[in-house]
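Visitor: I'm new to this one. Can you put it on screen and take my questions as they come?

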Amino acid sequence: MEDENNGIVFKEILRIIISQKWLALAIAVLITLVGTVALQYGYNPSQKEYITRFSLILPGNNNGSVHRYPDGNIFYYTDIIGLKTLQKIKNAADDGSFADIDVEYMADNGKISIDREFVSVGDSENSTSEAIYTLRVKASFFNGKEQAKKFIMSLANTPVLDIASMNIDYDVYLSLSESAIDYDKEINYLKSQMELLENYYSNLVNTYGGSFVVNGKILNSHAERVRAYLKSGTLDNLLSEARQKKYLKSEELKEVYNLELDTLRQEYEVAKAALDALLNVRNDASSGSSTIMVDSNVIREQAELVAKLDQQIKVLETYMSEGTVNTEFAQEIKTAYDKVSEFTKDYSEVSKGVYVAATSVKFEDANIVIEQGGYSFILLIILSLIVGVLVACVVSYFVGKAWLKRRAAIEAKKEKPTENPTE
């Protein structure tokens, strides 16, 4: 009997809800739509995060927490998510595609993180350790997956961008050569610059191999151009000519030489007097009139100093008397300077090309970023639909019940007999 009554009650409730079927349908549809949108753009972003896993290949050893770039700057892998880097990536987007990303809040409230782990690569006998980085950032900061993907890729490529923007000055001796007062110093500085470049190229070849291609040529080819210029003897010939023909960079140089001569002559006199004193002491000791012994090495060193000063004095005196300014030779020196400057500029470009080519980011997932957390869009629709149907049934029941009650009252009022006022 109780089951029968329950069945009657359920049928009555269902009848009331069906009586308001259009209201129920409208409420269910509305709640489903609003609920789905609210969960998708409200709840989901707060729970969902974008994740990417990647490995970094940097010039030299990159397994330490600290890496030194070729220009000497220090790189910590945690710098990738630092506020300075986030702001740089945001501002670097010329199209303003990152303008709406609140990087300050992201960095200050721990909404972005990066972790590192080491995994073994290769077989058991030849395995190596590779650093794998995992970068996570809350999805609520982005307007969609494409924006997140572009931003996260830029973050992961930070070391590549840093190396590409390096501006290393390899002009160690060029500026010294340019400011040298005479050809002897100027040419020797140019030679030192070329020898330095040769050493730089040797280091690159030893590290990356002579067949490493950069700017369309292998490293050995770039290095050989420098070696060939050194072997050509161009700078040595210029130095020999400048010395033999006593070329001066300018007539004013004679005034400088004159001052140097005064200083050298004074130094020579002092050194010569010291040498004579040492020789006298040695002679006295040999004859037995003195007990003081003088080391022969001391005498030899002092004699070499005297000879060196004497030679420098003679060279300057020759330049003072025979030195001339030759404009054609000055142009040859300028040509040599320009050539060395060109080699230096080439090396700067080649080395940067090598470092950029040797730096790369490898993402583990083909889609770059993956989404985690939150609910799928289909599940959000189902959840919203269930809630919408339940709410629609409850509202429709109470509205329908109120409507039936009101209609029953109206019908009861119609059926009640009218009282006769004359009675």
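Visitor: What volume does the second largest pocket have?
Guide: About 280 Å³. Keep in mind that this is a predicted model.

Visitor: Which residues lie nearest its centre?
Guide: Asp 79, Lys 84, Thr 85, Lys 88 and Asp 162. The lining of this second largest pocket has 14 residues.

Visitor: Which elements give two or more residues to that lining?
Guide: β3 (74–76), α3 (83–92) and α6 (158–164). Helix α3 gives the most, with 3 residues.

Visitor: And how does the lining of the second largest pocket split by class?
Guide: There are 4 nonpolar, 5 polar and 5 charged residues.

Visitor: Now the largest pocket. What is its volume?
Guide: About 410 Å³. It is lined by 18 residues. Closest to the centre are Asp 182, Asp 184, Val 315, Leu 316 and Tyr 319.

Visitor: Which element gives the most to that lining?
Guide: Helix α12, with 5 residues. At least two residues each come from α8 (183–208), α10 (234–244), β8 (247–248), α11 (253–287) and α12 (296–322).

Visitor: What about classes in the largest pocket?
Guide: Its lining has 10 nonpolar, 2 polar and 6 charged residues.

Visitor: You mentioned α10. Which of its residues are buried?
Guide: Leu 235, Leu 238, Leu 239 and Ala 242 are buried in α10. Seen down the helix axis, the buried residues fall within an arc of 100°, so they line one face of α10.

Visitor: Why would residues a few places apart point the same way?
Guide: An α-helix has 3.6 residues a turn, so residues three or four places apart point the same way.

Visitor: What is exposed on the other side of α10?
Guide: Asn 237 and Gln 244.

Visitor: And what sits in the loop between α10 and β8?
Guide: Lys 246 is in that loop. Its phi is positive, about 50°, although Lys 246 is not a glycine.

Visitor: Is Lys 246 buried or exposed?
Guide: Buried. Its relative accessible area is 17%, and buried means under 20%.

Visitor: Where is Ile 368, which also has a positive phi?
Guide: Ile 368 is in the loop between β10 (360–363) and β11 (370–372). Its phi is about 70°, and it is not a glycine. Ile 368 is buried, with a relative accessible area of 11%.

Visitor: Switching to α5. What should its residues span?
Guide: Helix α5 covers residues 145–156, which is 12 residues. At 1.5 Å a residue, α5 should span 16 Å. Its end C-alpha atoms are 16 Å apart, which agrees.

Visitor: Which residues of α5 are buried?
Guide: Gln 147, Ala 148, Phe 151, Ile 152, Leu 155 and Ala 156. They cover an arc of only 160° around the axis, which puts them on the same side of α5.

Visitor: How many aromatic pairs does a search of the whole structure find?
Guide: The search finds 19. One of them joins Tyr 69 and Phe 75, and that pair is stacked. The ring centres are 5.7 Å apart, with 25° between the planes. Tyr 69 and Phe 75 are both buried.

Visitor: Next, where is Tyr 337?
Guide: In helix α13, residues 327–357. At 14% relative accessibility, Tyr 337 counts as buried.

Visitor: How many residues apart in sequence are Tyr 337 and Leu 190?
Guide: They are 147 residues apart in sequence. In space, Tyr 337 and Leu 190 are 7.0 Å apart, C-alpha to C-alpha.

Visitor: Last one. Where is Ala 402?
Guide: In helix α14, residues 377–415. Ala 402 is partly exposed, with a relative accessible area of 40%.

Visitor: What separates Ala 402 and Ile 16 in sequence and in space?
Guide: In sequence, 386 residues. In space, Ala 402 and Ile 16 are 9.8 Å apart, C-alpha to C-alpha.

Notes
Residues numbered from 1 in each chain as written. Predicted model: local features only at pLDDT ≥ 70, side-chain atom pairs only at ≥ 80, totals over all residues. Heavy atoms only, no water. Helix = DSSP H or I, 4+ residues; strand = E, 2+ residues; numbered from the N terminus. Buried < 20%, exposed > 50% of the residue type's maximum accessible area, 1.4 Å probe, protein only. 1 Å grid on protein atoms, 1.4 Å probe; cavity = no way out; pocket = protein on both sides within 12 Å on 5 of 7 lines; lining within 4 Å. Points joined across faces, edges and corners; volume = space filled by probe spheres on them. Nonpolar A, V, L, I, M, F, W, Y, C, P; charged D, E, K, R; others polar. Expected span 1.5 Å × (residues − 1). Arc of directions from axis to C-beta. Phe/Tyr/Trp six-rings, centres within 6.5 Å; stacked < 30°, edge-to-face > 60°.
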